[in-house]
Protein chains: 2
Amino acid sequence: MKKSVFYHAGCPVCISAEQDIIELIGANNVDIVNIGKEKNRIDEAEKAGIQSVPALVTPNGNVLHINFGASLEDVKA
Amino acid sequence: MKKSVFYHAGCPVCISAEQDIIELIGANNVDIVNIGKEKNRIDEAEKAGIQSVPALVTPNGNVLHINFGASLEDVKA
């Protein structure tokens, strides 16, 4: 199965959601990307349809925005 | 393992998220509650910390608000 991708920015809300997602779907089923550190991947996140983090892109390409940590605009700044 | 509980209100955003959650964590691992129909469970959802639907309460009690379909106030109305 194609993996999900969890994008976050290191914020407390993000870290909490990351732990929950890993427990729910398993660490082997999700790639974790910190776009606060890997800023070159912000473009990829935007193209996936992400507007805020934390967010999970499912294997079929749907975006689940989870709670609210930071807007993508804030991460770019 | 204790199940997660997915609360929704039948809105299009809810149904889409429901499908994604079922694919990600498996139908056997989540109870689905439509608080738009089961209004007697709105109180339970509020006590779990839910502010809007769709939302997932994890087995350890954390609330993941997913995308945004409707506020609980709207569902009550």
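P54(B) lies in strand β3 of chain B, which covers residues 52-57. Helices and strands here are DSSP runs numbered from the N terminus, with at least four residues of type H or I for a helix and at least two of type E for a strand. The peptide bond that leads from V53(B) to P54(B) is cis, and its omega is near 0°. In chain A, a cis peptide bond joins V53(A) and P54(A), with omega about 0°, and P54(A) is likewise placed in strand β3 of its chain.

Some conventions apply throughout. The model is predicted, so local features need pLDDT of at least 70 and side-chain atom pairs count only at pLDDT 80 or more, while totals for chains, interfaces and linings use all residues. Residues are numbered from 1 along each chain as its sequence is written, chains are lettered from A and ligands numbered from 1 in the order in which they are written, and side-chain values use heavy atoms, with hydrogens and water left out.

Strand β3 of chain A, residues 52-57, pairs with strand β4, residues 63-71, in the antiparallel sense over five bridges. Two strands count as paired if DSSP finds at least two bridges between them. Within this pair, L56(A) stands opposite L64(A) in β4(A). The two strands form a hairpin with five residues between them. In the turn, G61(A) has a positive phi of about 95°.

The scale calls a residue buried under 20% relative accessible area, exposed over 50%, and partly exposed in between, using a 1.4 Å probe and protein chains only. N67(B) also has a positive phi of about 45° without being a glycine. N67(B) sits in strand β4 of chain B, residues 63-71, and is partly exposed at 25% relative accessibility.

How are the two chains related? A rotation of 180° with 0.0 Å of shift along its axis superposes chain A on chain B, with an RMSD of 0.0 Å. This is the relation of a two-fold axis. The superposition is by least squares on the C-alpha atoms of residues with pLDDT of at least 70 in both copies. Of the residues of chain A, I66(A) comes closest to the rotation axis, its C-alpha being 2.3 Å away. The same surface serves both copies, since 100% of the contact residues of chain A recur in chain B. Contact means heavy atoms within 4.5 Å.

The largest nonpolar core has 18 residues, of which I25(A), L56(A) and L56(B) touch the most other members. At least two residues of this core come from each of α1 (12-25) and β4 of chain A, and from each of α1 and β4 of chain B. Such a core is a set of buried Ala, Val, Leu, Ile, Met, Phe, Trp, Tyr and Cys residues joined through side-chain atoms within 4.5 Å. Neighbours within four places in sequence aside, the contacts of L56(B) include L24(A), F6(B), I21(B) and I66(B).

Charged side chains form another set of links. A salt bridge is a side-chain nitrogen of Lys or Arg within 4 Å of a carboxyl oxygen of Asp or Glu, and by this rule the count over all chains is 12. One of them joins E38(A) and R41(A), whose closest N and O atoms are 3.8 Å apart. E38(A), R41(A) and E44(A) are linked in a network of salt bridges. E38(A) is partly exposed at 31% relative accessible area, and R41(A) is partly exposed at 25%.

A further salt bridge connects E73(A) with K76(A) at 3.2 Å between the closest N and O atoms. These two are three residues apart in helix α3 (residues 72-76) of chain A, which means that about one helical turn separates them. In chain B, the side chains of K3(B) and D31(B) meet in a salt bridge of 3.4 Å, N to O. This pair links distant parts of the chain, 28 residues apart: K3(B) is in the segment before β1, and D31(B) is in strand β2 (residues 30-34).
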